[in-house]
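Below is a short briefing on one protein model. Please look over the sequence and the structure before reading the points.

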Amino acid sequence: MSFIHERRTRNSRLLSRNTIINLLRFFWVVLVIWCEFGVFFYSLSDCKWPDKELKEVSSSNCTGSTEKPTRVLLISDPQLPNPRRSGISWFGYDASSTRYLRKGWSVVTRLRPHAVVWLGDALASGRYVTSEDEYKNYVDEFKGIFTTDKSVPNYFVPGNRDVGLGESSAFSKNARKYFTEYFGPVNQEVDLAGHRLIFIDAPGLVDEDYRRHGMGKQYETWTPASGGPIEFIASVAIRASSSPIILFSHIPLSRPASTSCGPLREKGSIRASAGHGYQNMLGKQTTRFVLYSLRPAAIFSGDNKDYCNMTHQLPATDANILAKTSVREVTVKSFSPSRHIRRPGFQLLSLIPPDSAVSPHGSTFADAHCLLPDTFRIFNSIYLPALVLTAIVLLYLNISPDQHRHRLSLSPISATRSGPSSPLPGPESAIWANWSPRRSSGPTSPAATLPPSVAARVPTNEIFTFRALSSAPGSPHDSPLLSPIPLFHAGHEDEMNPAHYPSQHHSDHVWPSGEDVHETPSFLPSPSARRPERKWPSWSWSFVFRGRRRRITIAPSTWGEMIRFCVSDNSDSMSRGKRKGMLWRLGGDSMSVALPAVVTWALIGWLFF
């Protein structure tokens, strides 16, 4: 029958307090690894370069081209916070946004783009920086997070947060100068994979449009500002070329308020509005001027935070009757988390060189929409339920620890006297002969060490047995496993007997005369077992309250105590926790569960992001 005892012991260990705490620690470590890092890799499982669409187009037109597409990564509105202005905080919004940008970029770069286009608002507060040293440190912080291979070119489009929009005393007068020095020209043209990539200064275009409109002039009679965006657009239009034009602007082009943005947009649509330092769309006349002058094959914009896919109608022209009459504009999602959207994102653009064999309406580019994790949903759907479940488990372990421990053991056993006529128990009860749920873990005092004057003889006609007071579920009271067990038999005078100790009902409440009985019992701890003196300082205050002197002592835990707290068995610390209450035990268990997860989060973030 020993296997029954072993099975019950093994089951009690599996459901022990220490095992449950360790399972919670492991659960939170895995949860943090997945929610903080794993979801970023999982979000890219459906994000693929649209090369397949271009290959299908080439094969259908019998071009026979085997050239691989050029891959361009489009990033909009990263809005990196300025560390000097936002301060250093591990739990603030700016710090959380920066960590999100680090993790998102480290995952996106695994797509290995051939070029990167930044659609404005690279810096959250670049327009406010007045010192060049501060701006340089700001840019170094940006490039330290968004690192790319030296062979990968980066093209930057200025945004209203980079260079400002409108007149304001808070904006730096050198913002545009600093942007040009550290990020490149605000207006530029780049030839890539047989396409003309046109990057325009949309905030500057809005400012010049306000000046033109204030003077009451049309674009045909307006004298462009030297080096301004209108002059740049006119110069691009003059240089005729058969290469398709792809336009990049931070501010979206004008469209009717009822225009739908497609099913991939989270909510609403882009509506015309303007305020201090921003404007949601270009003006109607400005949009017509840009579309008529450039006649782009595709337009990519940013600024709105959310995704939008719509089509513009191109102005009619008599120069080429086969020219396209519409152009598609894609507003790329913000790369940084924002209160306006649930899931940030980015865009993938693949280009193949135009071929004379391809029909005029054949596409030489394709784009794909990609999303990053939703931090709000992760908190509400994963972290919050896991936190509630952990709190319930810890409350169950701490609200009644004694009941939790007794539920895993047999009921208490009491000693009774039986006469000589009582039959002896069967051999099957021998497995419980040396077991007691209340057995002390420390040493016991043998009866041989008691004074002879205190010892008493056991009557020879009595036998002490143990019988269970109540049976646990699944163990009937009349079970043979709980049969009476003989402890002492006749003639065993040296065995422990209640008569060895003086009666509590003694009339004079004194010990009987005889040998000295005040010596230290053998089961008391030795002086060497005392807790060592604290080496860390402590603070103590004494005061009188309600006629009694009180004392408050604050003593921080030493490193040894904290290590023992983390690695020791929770059941050993239960007796110490009883004196400090349920809240103290609950707080200690919560810290012990959270500590491994926090360390894992900090370690992985430091090593890989």
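This is a predicted model: local features need pLDDT of at least 70, side-chain atom pairs count only at pLDDT 80 or more; totals for chains, interfaces and linings use all residues.

Residues are numbered from 1 along each chain as its sequence is written, and side-chain values use heavy atoms, with hydrogens and water left out. Helices (H or I, at least four residues) and strands (E, at least two) are DSSP runs, numbered from the N terminus.

- β10 and β11 (residues 326–331) run antiparallel and are joined by six bridges; Met310 has Glu329 in β11 as its bridge partner.

- β5 is largely enclosed by the rest of the structure, because five of its five residues are buried (under 20% relative accessible area; exposed is over 50% and partly exposed in between, with a 1.4 Å probe and protein chains only).
- In a regular strand, side chains alternate between the two faces of the sheet.
- His195, Leu197 and Phe199 are buried on one side of β5, and Arg196 and Ile198 are buried on the other.
- β4 and β5 run antiparallel and are joined by five bridges, with Gln188 opposite Phe199 in β5.
- Two residues lie between the strands in the hairpin of β4 and β5, where Ala193 takes a positive phi near 55°.
- β5 and β6 run parallel, with four bridges between them; Leu197 has Ile246 in β6 as its bridge partner.

**Helices on the sheet**
- Pro229, Ile230, Phe232, Ile233 and Val236 are the buried residues of α10 (residues 229–238).
- These residues cover an arc of only 160° around the axis, which puts them on the same side of α10; the arc is that of the directions from the helix axis to the C-beta atoms.
- The buried residues of α10 pack against β4 (188–192), β5 (195–199), α9 (202–214), β6 (245–249) and α11 (284–294), where contact means heavy atoms within 4.5 Å.
- The axes of α10 and α11 come within 8 Å and cross at roughly 25°; axes are lines fitted to C-alpha atoms, for helices over the stretch in contact, and angles run from 0 to 180 degrees between N-to-C directions.
- α10 and α11 are therefore roughly parallel (under 35 degrees; over 145 is roughly antiparallel, 65 to 115 roughly perpendicular and the rest oblique).
- Ile230, Ile233, Val236 and Ala237 of α10 make this contact with Phe289, Val290, Ser293 and Leu294 of α11.

**Helices α2 and α12**
- Residues of α2 including Leu24, Phe27, Trp28 and Leu31 meet residues of α12, among them Ile382, Tyr383, Ala386 and Leu387.

**Leu583**
- The C-alpha atoms of Leu583 and Leu395 are separated by 9.3 Å, although the two residues are 188 residues apart along the chain.

Conventions: Two strands pair if DSSP finds at least two bridges between them.
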